Amino acid sequence: MSWNWLVSLIFPTSDQGVTTIISYPLIVIVGLVITTAVTEEILLKAYPIERMTRLTHQYWLAILISFVIFVMPHISFFGLSWLYTHGIGTVLSYVLYSWRRNLPANILLHFLGNAPILIPALMTRL
């Protein structure tokens with residue numbers, strides 16, 4: 001997940017999503033980091049993949065549909081630049097889930113990818 005933040009440091013983009021998040025109180029940002037990691041991995045990745053695989057018997061189709069469902073709200077909130085900074089990490093998290101089907105590992109990975117938002121949030125409060 002360090003790739004996500006390395007790219008965003010090398011090629012900084014300003015998007016309204018990050019600006020909005022860092023304007024929240026710090027406790028709210030911490031809550032967002034934790035809850036989004038859990039809920040997005042369950043509701044936007046694991047459940048849709050497993051359920052659509054059972055319904056369609058097409059694992060890769062289920063992954064593709066889940067990926068689109070996962071990416072669309074991120075693009076609408078953070079902008080298209082989100083794909084450049086976090087797209088590879090998102091694809092790798094899908095690979096990890098497909099390979100291991102380990103939901104807690106994906107939640108931890110997602111949390112680690114989201115946690116660096118605390119850096120600019122803390123810096124604006126100094």
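A residue is called buried here when its relative accessible area is under 20%, and exposed when that value is over 50%. By this criterion, buried residues account for 36% of the 126 residues in the protein. The model is predicted.

The fold is helical. The protein contains 7 helices and 0 strands. From the N terminus on, its elements run α-α-α-α-α-α-α. The C-alpha trace spans about 50 × 25 × 20 Å along its principal axes. A compact globule of 126 residues would have a radius of gyration near 14 Å, and the 15 Å of the protein agrees with that value. Contacts were examined between residues at least 6 apart in sequence; of these, 73% join residues at least 24 apart. The accessible surface comes to about 7700 Å². Carbon and sulfur atoms contribute 76% of that surface.

Helix α3 covers residues 26-56, a run of 31 residues. From first C-alpha to last, α3 reaches 43 Å. This is close to the 45 Å expected at 1.5 Å a residue. The kink in α3 is about 35° and is centred on isoleucine 42. Histidine 57 follows α3 and has a positive phi, near 60°.

Helix α6 covers residues 103-114. Its 12 residues reach 16 Å from the first C-alpha to the last, close to the 16 Å expected at 1.5 Å a residue. Four residues of α6, namely Asn106, Ile107, His110 and Gly113, are buried. Viewed down the axis of α6, the buried residues fall within an arc of 125°, so they line one face of the helix.

Buried requires under 20% and exposed requires over 50%. Leucine 112 and valine 33 are 79 residues apart along the chain, yet 8.9 Å separates their C-alpha atoms.

Notes:
Residues numbered from 1 in each chain as written. Predicted model: local features only at pLDDT ≥ 70, side-chain atom pairs only at ≥ 80, totals over all residues. Heavy atoms only, no water. Helix = DSSP H or I, 4+ residues; strand = E, 2+ residues; numbered from the N terminus. Expected span 1.5 Å × (residues − 1). Bend = angle between axes of the 7 residues up to and from the residue. Rg over C-alpha atoms; globule rule 2.2 N^0.38 Å. Buried < 20%, exposed > 50% of the residue type's maximum accessible area, 1.4 Å probe, protein only. Contact = heavy atoms within 4.5 Å. Areas by Shrake-Rupley, 256 points an atom, 1.4 Å probe, with all protein chains shown as cover. Arc of directions from axis to C-beta.
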